[in-house]
Amino acid sequence: MMGTSLEANPGQGVLVSDFDGTMTRYDFYKLALESLLPADVPDYWAEYRGGAITHFEALRRYFAAIRVNEAEVLAVVERMELDPKLPATLNSLRLAGWKVVITSAGCEWYIRRLLLDAGVEIDIHANPGRFEAGKGLLMEMPKDSPFWSPTIGVDKAGVVQHFLNKGCTVAFAGDGFPDAEPARLVPADLRFARGDLADMLNREQLPFHPFESWSDISCNLLQSVK
């Protein structure tokens, strides 16, 4: 259904977007911490922030600690709250000639589940994975990807740079720490941020468009390139 197409025409608009907390209201890993993981799971996020392990490894360990059944995991996936206006927003962007590409440091398994339920097709660059009862959500490195990153799995800045090199008009939307580098690559009027990314850009005094839901981006984006 969804691929990882790298094709784009010079001058074409490409919106490169994070998924968790950007296209959805909530991050899967945060919901997993609250609802799916044992109480004694180590604080892998603190280890990541302290530099002991990578961002990818922190998420991999959390996801592998899940011990509930698949139905319970999918119920939590639904609680991520994918923007209900996503299909209509994608349609308006595509009619205006924009290509949308997802870049995620999360797991492709739940991303595809949500997009399939919404009936939309978007190119995805994310970490592959599968759910196995008793073993959890097993996330793997996308080592065959041209955008493989040893720290987060997917080199989001590499995806942005790929389309910039093709002469495209590139916008970026995100909400987290791994989104800072790709956000810096695009012009201010094509930079969309919330959450931790917005805090980082504010500290660096880099302008951006704030957004509450992913569909809010469409109006600003289409107006900015008229």
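Predicted model: local features only at pLDDT ≥ 70, side-chain atom pairs only at ≥ 80, totals over all residues.
Figure 1. The buried residues of helix 4 pack against helix 1 (28-35), helix 6 (108-118) and strand 4 (129-132). Helix 4 covers residues 70-78, and its buried residues are Val73, Val76 and Val77. Viewed down the axis of helix 4, these buried residues fall within an arc of 105°, so they line one face of the helix. An α-helix has 3.6 residues a turn, so residues three or four places apart point the same way.

**Figure 2. The start of helix 4.** Here a side-chain oxygen of Asn69 comes to within 3.2 Å of the backbone nitrogen of Ala71.

Figure 3. Leaving aside residues up to four places away in sequence, Phe56 touches Asn127, Met139, Glu140, Met141, Thr151, Ile152 and Gly153. Phe56 and Gly106 are 50 residues apart along the chain, and their C-alpha atoms are separated by 8.1 Å.

**Figure 4. The largest pocket.** The space in the largest pocket is about 410 Å³. The pocket is lined by 27 residues, of which Asp20, Asp27, Tyr29, Asp175 and Gly176 are the closest to its centre. Helix 1, helix 3, strand 2 (98-107) and helix 9 (195-203) are the elements that give two or more residues to the lining. Helix 1 gives the most, with four residues. By class, the lining of the largest pocket has 11 charged, 10 nonpolar and six polar residues.

Key
Residues numbered from 1 in each chain as written. Heavy atoms only, no water. Contact = heavy atoms within 4.5 Å. Buried < 20%, exposed > 50% of the residue type's maximum accessible area, 1.4 Å probe, protein only. Arc of directions from axis to C-beta. Polar contact = N/O pair within 3.5 Å; in protein donor to acceptor, adjacent residues only side chain to side chain. 1 Å grid on protein atoms, 1.4 Å probe; cavity = no way out; pocket = protein on both sides within 12 Å on 5 of 7 lines; lining within 4 Å. Points joined across faces, edges and corners; volume = space filled by probe spheres on them. Nonpolar A, V, L, I, M, F, W, Y, C, P; charged D, E, K, R; others polar.
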